[in-house]
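Colleague: I have not looked at this one before. Can you walk me through it?
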Amino acid sequence: MRQRIASKGNKNIALEIKQKENKIRALLADDHSLVRAGIKRLIEDNANVTVVAEAINGIETIKEYKKCRPDILILDIMMPDMDGLEACKQIVAFDPGARILALTMYSEKLFAVRLLKAGALGYINKKAELSELCKAVKYVAAGKNYLSLEIADSVVSQLLKLKDKNNITELLSDREMQVLSLIAQGKKLKEISESLMLRIGTVANYRNRVLKKLNLYSNADIIEFAHQTGII
């Protein structure tokens, strides 16, 4: 009897070890601790994931990625010190096989396009249903592309447009695109500075560069441009 119990116990231990070995190893990068905690709980409980490391900014994300080499990096776009887009570029340069899922509050298609061009495999909104989040994590961890359902069609359209080398939005840097997008949503400089964790003067400089590069003159022009080009 004791031998049977011991044998059964050994099988259970072996099964637990196998299950742990089969789990998706994830690095979770987001500057909000409550958001990280919530996402961690959701994906560990529902997507066969174990979060092996966490990061609060782009610089720390790169450091942790090189240290743990996860199966998937779940990456917020808006983070202090270095944003998610720049972190994505540097990680892909270090590891071309990196599997990165951008998780963001923003659904602007050109953000998604830029992240895909930088090497990310997926892009999903934080407002997505749990089932979609789990699906996105599994897809990207397996090396497949995944786009949030709400923007998939428009992103494909934008990718086709960006084949045109004269596309005017290609004149803008990643940070300038972020500022343009937030202004187009009606955000004030103070709100943008808080969102991007930049000084108001720095945001104003980015705004002035956007106006100059696009030959625009005011926030109203930026909003009109954003709607005409489908940025928002």
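Modeller: Helix 8 (residues 174-184) packs against helix 10 (residues 200-214) at an angle of about 90°, and their axes are 9 Å apart. Keep in mind that this is a predicted model.

Colleague: How is helix 8 oriented to helix 10, then?

Modeller: Angles of 65 to 115 degrees count as roughly perpendicular, so helix 8 is roughly perpendicular to helix 10.

Colleague: Which residues make the contact?

Modeller: Helix 8 contributes Arg175, Glu176, Val179, Leu180 and Ile183. From helix 10 come Val203, Tyr206, Arg207, Arg209, Val210, Lys213 and Leu214.

Colleague: And what classes do the residues of that contact fall into?

Modeller: The contact of helix 8 with helix 10 has 7 nonpolar and 5 charged residues, and no polar ones.

Colleague: Moving on. At what angle do helix 2 and helix 6 pack?

Modeller: About 75°, for helix 2 (residues 33-46) and helix 6 (residues 130-141), with 10 Å between their axes. Helix 2 and helix 6 are therefore roughly perpendicular to each other.

Colleague: Which residues meet there?

Modeller: On helix 2, Leu42, Ile43 and Asn46; on helix 6, Leu130, Leu133, Cys134, Val137 and Lys138. By class, the contact of helix 2 with helix 6 has 6 nonpolar residues, 1 polar and 1 charged.

Colleague: How many residues line the largest pocket, and which lie nearest its centre?

Modeller: The lining has 12 residues, and His32, Asp76, Met78, Met105 and Lys126 lie nearest the centre. By class, the lining of the largest pocket is made up of 5 nonpolar, 3 polar and 4 charged residues.

Terms used. Residues are numbered from 1 along each chain as its sequence is written. This is a predicted model: local features need pLDDT of at least 70, side-chain atom pairs count only at pLDDT 80 or more; totals for chains, interfaces and linings use all residues. Side-chain values use heavy atoms; hydrogens and water are left out. Axes are lines fitted to C-alpha atoms, for helices over the stretch in contact, and angles run from 0 to 180 degrees between N-to-C directions. Helices (H or I, at least four residues) and strands (E, at least two) are DSSP runs, numbered from the N terminus. Angles under 35 degrees count as roughly parallel, over 145 as roughly antiparallel, 65 to 115 as roughly perpendicular and the rest as oblique. Contact means heavy atoms within 4.5 Å. Ala, Val, Leu, Ile, Met, Phe, Trp, Tyr, Cys and Pro count as nonpolar, Asp, Glu, Lys and Arg as charged, and the others, Gly among them, as polar. On a 1 Å grid over the protein atoms alone, a cavity is a set of points where a 1.4 Å probe fits but cannot get out, and a pocket is an open set with protein on both sides within 12 Å along at least five of seven lines; lining residues have an atom within 4 Å of a point.
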